[in-house]
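Q: I'm new to this one and would like a close look at a single part of it. Could you pick a residue, walk me through its surroundings, and then show me a bit of what lies around it in the chain?

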Amino acid sequence: MSDKAEQNPYTSRPADEAATGPEAELRAVETELSGRWPENKLEPSLDRISALMDILGQPQRSYPSIHITGTNGKTSTARMVEQLLGTFELRTGRYTSPHVESVTERISLDGVPISPERFVETYRDIEPYVRMVDEREPVAMSFFEVLTGMAYAAFADAPVDVAVVEVGMGGSWDATNVIDAAVAVITPIGLDHTDKLGNTPGEIAVEKSGIIKPGALAVVAQQQLDAAQTILKRAVEVDATVAREGMEFGVIRREVAIGGQLVTLRGLGGAEYEDLFLPLHGAHQAHNAALALAAVEAFFGVGAGGGGQLDVDKVRQAFSGVSSPGRLEVVRRGPTVILDAAHNPHGADAAVAAIGEAFAFTKLVGVIATSGDKDVSGLLEVFEPVLAEVVITQNSTHRAMPVDELATLAVEIFGEDRVQVEPRLDDAIEAAITLAEEEDLGGAGVLVTGSVITVGEARLLFGRK
């Protein structure tokens, strides 16, 4: 590739030297991709991805799409949209990021990550054209831009009936934004990536609302006032229709159930979808479900001006089969160990509320490893009231905050007596389980959190695939 790019220390994890066959080929491709700019290093522009799409013959225009942005809840909402569309017998392609365990998770067909063989084949197919773009542009294509090109090519090759595409960061200049989605979804906007997107929800909403295209329908979660005003302004500018949670659709009621919750949702046309079982915890997931349902209604043209509603039995079937790995996922009992990928204060707020609602822990011990470019103090402050003790650790990527640095912040917030340090994640989890088992009355648990990468590595330790 071009020497215009720097070595990428963020998007690769330690190579499995024992890998052979397709896995070895996948590792080789990951190594090549890791030489590109990481996802948190940007040169805001659609020039490179647009050039690649031109060379490839505009594969992203060969299928309709649903485009999803926001700060938290994007992946869960995308997985729900995918599940709904699949239940209505449409072939789906889903592009989400970051990955929890394997890079292949980012590109899914019919709800299943593409195989290592197909991932490698797709990369090798477009590689010559990526090099052409590298040579033409002042800055070589980034890791995320190449992955986006691969996803759009794979979806066209499948072919899919509809693509469900999650924005990487922001919206306007995000590489995914070369699609012209008829349905744009904006999940709640909070403060994250503030150095690149802005310092207030309203400023961040400027970038995120850039996925709303002329004539589209924007399905919008409940937002803070400045973010809502920005989104509505963008919709007016491009003559888009807006469906707002709490106004045109929403959650009517919900109650905790074993293994998840029962929710009743109101669709775009006012029709109610009663007592849908959602096997995910927390009010935020119920709101994600409302967004997903409204997005799929809009895609099919039902509800609102189109009237009617989707087949309730199929909707019920779809939601009952939803999963979202690493989102309040229980991976062990006795003591209970939960994994949650909260990586900013907004996500931590949702996790804390859901834990209080769905679990009855008498003591909760945290295992925390974060990335270095996040609002770590803000995240720790949100978790402080619910975590009796924390074991501070570090995941395996260079993007991780050094364990000593994280421990210093944790001591400031939790106090020295409540902080333990274990540099290795496996040792940290074991230490947290030991602390939980010291609870005489039982009912203690462990929460592993702080980053998607930490949760992905913890899933591997617990044998989740």
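A: Let's take Asn177 and start with who touches it. Neighbours within four places in sequence aside, Asn177 is in contact with Leu46, His67, Gly171, Ser172, Gly210, Ile211 and Lys213. Keep in mind that this is a predicted model.

So where does Asn177 sit? You'll find Asn177 in the loop that runs between strand 5 (162–166) and strand 6 (183–186). Is it buried or exposed? Asn177 has a relative accessible area of 8%, and because anything under 20% counts as buried, Asn177 is buried.

A polar atom of the Asn177 side chain lies 3.1 Å from the backbone oxygen of Ser172. The side chain of Asn177 also reaches the backbone oxygen of Gly210, this time at 3.3 Å.

Now hop over to Ser65, which belongs to strand 1 (residues 65–69). Ser65 is buried too, with a relative accessibility of 5%. Again setting aside neighbours within four places in sequence, the contacts of Ser65 are Val162, Ala163, Ile179, Asp180, Ala181, Ala182 and Val183.

What does the record say about this stretch? An unreviewed UniProt entry carries the annotation "domain: Mur ligase central" for residues 68–296. Over residues 68–296, the chain is 39% helix and 22% strand, and the end C-alpha atoms are 12 Å apart.

A strand pair comes next. Strand 7 (residues 217–220) and strand 8 (residues 241–244) run parallel, joined by four bridges. To get from strand 7 to strand 8, the chain passes through helix 8 (residues 225–237), making a right-handed β-α-β crossover. If you want a spot to check by eye, Leu217 stands opposite Thr241 in strand 8.

Arg332 has Val337 in strand 13 as its bridge partner.

How values were computed: Residues are numbered from 1 along each chain as its sequence is written. This is a predicted model: local features need pLDDT of at least 70, side-chain atom pairs count only at pLDDT 80 or more; totals for chains, interfaces and linings use all residues. Side-chain values use heavy atoms; hydrogens and water are left out. Helices (H or I, at least four residues) and strands (E, at least two) are DSSP runs, numbered from the N terminus. Buried means under 20% relative accessible area, exposed over 50%, partly exposed in between (1.4 Å probe, protein chains only). A polar contact is a pair of N or O atoms within 3.5 Å; within protein, one must be able to donate a hydrogen and the other to accept it, and residues adjacent in sequence count only if both atoms are side-chain atoms. Contact means heavy atoms within 4.5 Å. UniProt positions are given in the numbering used here, feature names are shortened, and annotations may be inferred rather than shown by experiment. Two strands pair if DSSP finds at least two bridges between them. A crossover is right-handed if, with the strands pointing away from the viewer, the path from the first strand over the helix to the second runs clockwise.
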